[in-house]
There are 2 protein chains.
Amino acid sequence: MAAEVPLVRRRRGPSMADVARLAGVSGQTVSRVANDRHNVDAVTRDRVRAAMHELGYRPNGAARALRNGEFRSIGAIVFELSSFGTTRTLDAIAKAATMSGYSINLLPVLDVSQRAVTNAFSRLGEQAVDGVIILIEAHTLDEAGVQLPDGLPVVVVDSSAHYDYPIVDTDQAQGARLATEHLLELGHRTVWHLGGPPTSFAADRRRQSWEQTLLDHGCEVPPVHDGDWTASSGYEAGRGLAANDDVTAVFVANDQMALGLLRALYERGRAVPGDVSVVGFDDMEEAAHFWPPLTTVRQSFAEVGRHSVDALISEIQAGEHHHSPVSVATELVVRGSTAPPRT
Amino acid sequence: MAAEVPLVRRRRGPSMADVARLAGVSGQTVSRVANDRHNVDAVTRDRVRAAMHELGYRPNGAARALRNGEFRSIGAIVFELSSFGTTRTLDAIAKAATMSGYSINLLPVLDVSQRAVTNAFSRLGEQAVDGVIILIEAHTLDEAGVQLPDGLPVVVVDSSAHYDYPIVDTDQAQGARLATEHLLELGHRTVWHLGGPPTSFAADRRRQSWEQTLLDHGCEVPPVHDGDWTASSGYEAGRGLAANDDVTAVFVANDQMALGLLRALYERGRAVPGDVSVVGFDDMEEAAHFWPPLTTVRQSFAEVGRHSVDALISEIQAGEHHHSPVSVATELVVRGSTAPPRT
DNA sequence: GCGCGCAATGTTGACGTCAACATCGACGGC
DNA sequence: GCCGTCGATGTTGACGTCAACATTGCGCGC
């Protein structure tokens, strides 16, 4: 038995040296072909290409990264992909990064405990990334009191101003004002609010701006109901609102909770928009097909994603810090869930 | 002027050698400390740790990968993160991979053209990954006629059997049968179908199984309406169904299209479930809060994700191929959108 | 026909890490 | 007190790539 096969077959692919040997050239020439340098004879290039193909050669990213001192990769720290906004933003980030020749390294935080977040950042230290985009609602960061590795470019997608990193976010305040004023202009005496979780800066901003708008218009500020972004939480909180006949207009901090509220209103027999007007936030694709179609504030996740990548890449390549936060404007989309109050 | 600063500051972080110099030990000792080897004197270890911290040392992933011959990274090829199912699966994949000590490299395909897909795979060749999970509906792969790099472990999340790679997927056929039989058992004479796009294997499977179930029960097979998974397409297709008084029961290939159908039925004044019963597929969180709450087929994206990662990692580490596809069972969740037909 | 210039190709070494092997010193048994 | 043992630490080289520099040879001008 001439069994000489090693137990663990270290499947290292062929290297430049192997290709070079087969093609009868030097490794450097293979490198030139692999990188599309022009100063290679056409005949040689074809021979090398053929050898590459025959061996199934793939350049080794690690060696390249080591040599060049950069990974061409961006880390994205996320908590839950199931959250609608995060996902959309991540999608835009991935696309923008790809177009700039960077790839995206997903670094999920398994739970929101301090330990998990700290742990994620220490894993980060071991990741082969040139920079990081943080997509976690930043209260968690504050609580965890974590510190990012020094000298690693970072961009935060959130409204927190507590950190000394460049920040890109939707203009939450403007969006909330848009929604609230729309309802007031329809003639409602005041606007109730179904807010996001207190751990979220975005939720904070929307709530604050809603309150300020009411005050600016001399309206009474009703008590806030809180949810956690899910439709279920919107339904739970919505049952309270639905039972209260004073409520004629509600600004909900996202579309999913708005869906839950709509259900609660239905179950209570209150007509939308006849008895109660509802405005959401996000303009998810489904919002146009709620019943009635939801009036909501559209935010451009794509733009937020694109700006984050731009900011991060310029930081990576030039060492620049944009300390002025980028704010992406929102837009009110009026559909069927809002109307003047019943007289 | 002793200005010696290079124009482009290559921001290479400190290396082991720097730490070693500061701590007065050899590089190897630093390596041992970094990797928690036990055979280092406590005093020395503390000194090295202090030096690491002072310099802000982070181990260089590229060098480590080069040395070890593995990247501890998995590529995930996706098309659109906005698609609900893909996202949920990706989330599970990311979590499972993280727990196994792998990170996820997102490789988005920017559009579905052949060129783009082929291009994505050639980029893939340059990625520093140990294996790949493909999350694209596989018709696109067929059309693009692309070939993956040889010797790179691959797992496909889809129902396609055209490829010689391990496949993990939800048991689409079982789910569709569950939905269809539920409606038949309620007493409907037949069940209509609002299907997914013809490019999707998952949609194919659901449609075929729906049809087979009808035939098994001796029911007439009505013509299929197609959508593209979005609520909008469900609404468009749904208008046709809503206008047809023969329609008393519809199995919709996903929840989002079901939402669009519900809207179309509302607009037409047809009651759900009084006039028409509707069953969806996916059980997205929102489905419970549609009006009426949607009866649907729950699939476990988490389990699909976990199985994919398991299969890929065992392929990477042991070179095993599981040629038997993994099928994850579904479950019918009965809510308020289904009832016996009006007599 | 001589040499210059330039394009094609080859050679060398360094990027940062870590396994394998080498060395060094302390301690214990006899 | 000598030697063997073992634990702590140091030295060397290789992983695959590519920039910088070195070399080769060909064509062209005069």
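**View 1. Strand E1(A) and its parallel partners.** E1(A) and E2(A) run parallel and are joined by six bridges. Strands here (at least two residues, E) and helices (at least four residues, H or I) are DSSP runs, numbered from the N terminus. Two strands pair if DSSP finds at least two bridges between them. This is a predicted model, in which local features need pLDDT of at least 70, side-chain atom pairs count only at pLDDT 80 or more, and totals for chains, interfaces and linings use all residues. Residues are numbered from 1 along each chain as its sequence is written, while chains are lettered from A and ligands numbered from 1 in the order in which they are written. In E2(A), Pro108(A) stands opposite Val78(A). E1(A) also runs parallel to strand E3 (residues 131-134) of chain A, through four bridges. There, Ala76(A) has Ile133(A) as its bridge partner. In general, strands of a sheet pair through backbone hydrogen bonds, either parallel or antiparallel.

**View 2. The two faces of E1(A).** Is strand E1 (residues 73-78) of chain A mostly covered or mostly uncovered? Mostly covered: six of its six residues are buried. A residue is buried if 20 or more other C-beta atoms lie within 10 Å of its own, exposed if 12 or fewer, and partly exposed in between, with C-beta atoms placed from the backbone. One side of E1(A) holds Ser73(A), Gly75(A) and Ile77(A), and the other holds Ile74(A), Ala76(A) and Val78(A). Step back to chain A as a whole. Its secondary structure comes to twelve helices and twelve strands. Of its 343 residues, 52% are buried.

**View 3. Two nonpolar cores.** A nonpolar core is a set of buried Ala, Val, Leu, Ile, Met, Phe, Trp, Tyr and Cys residues joined through C-beta atoms within 7 Å. The largest has 86 residues. Which members touch the most others? They are Ala76, Ile93 and Ile133 of chain A, and Ala76, Ile93 and Ile133 of chain B. Another core, of 85 residues, lies apart from it and includes Val250(A), Leu259(A), Leu241(B) and Ala264(B). Now zoom in on one residue. Beyond its neighbours within four places in sequence, Ile93(A) is in contact with Ala76(A), Ile104(A), Ile133(A), Gly305(A), Ser308(A) and Val309(A). Two residues are in contact if their C-beta atoms, placed from the backbone, lie within 7 Å. In soluble globular proteins, nonpolar side chains tend to be buried together.

**View 4. Gly234(A) in its helix.** Gly234(A) sits in helix H10 (residues 231-242) of chain A. Is Gly234(A) buried or exposed? Gly234(A) is buried, because 31 other C-beta atoms lie within 10 Å. Not counting residues up to four places away in sequence, Gly234(A) touches several residues, among them Leu194(A), Val252(A), Met257(A) and Leu261(A). Ala264(A) is 30 residues away along the chain, and its C-alpha atom is separated from that of Gly234(A) by 8.5 Å.

**View 5. Where chain A meets chain B.** The contact takes 54 residues from chain B and 54 residues from chain A. On the side of chain B that touches chain A, H5(B) gives the most, with seven residues. By class, this side of chain B has 22 nonpolar, 18 polar and 14 charged residues. Nonpolar here means Ala, Val, Leu, Ile, Met, Phe, Trp, Tyr, Cys and Pro; charged means Asp, Glu, Lys and Arg; the others, Gly among them, are polar. Strand E2 (residues 103-108) of chain A pairs with E2(B) in the antiparallel sense, over three bridges. Ile104(A) has Leu106(B) as its bridge partner.

View 6. A residue is near a strand if its C-beta atom, placed from the backbone, lies within 6 Å of it. The surface near DNA strand C has eight nonpolar, twelve polar and five charged residues. DNA strand D is surrounded by 25 residues, the closest being Met16(A), Asn60(A), Ser26(B), Gln28(B) and Asp41(B). H2 and H4 of chain A, with H2 and H4 of chain B, each supply at least two residues of the surface near DNA strand D.

**View 7. An open sheet in chain B.** Six strands form this open sheet, in the order E7-E6-E8-E9-E10-E12, with mixed pairing. Strand E7 (225-226) and strand E12 (331-333) are the edges, and each pairs on one side only. Strand E10 (residues 295-298) of chain B pairs with E12(B) in the antiparallel sense over three bridges. Arg298(B) stands opposite Glu331(B) in E12(B).
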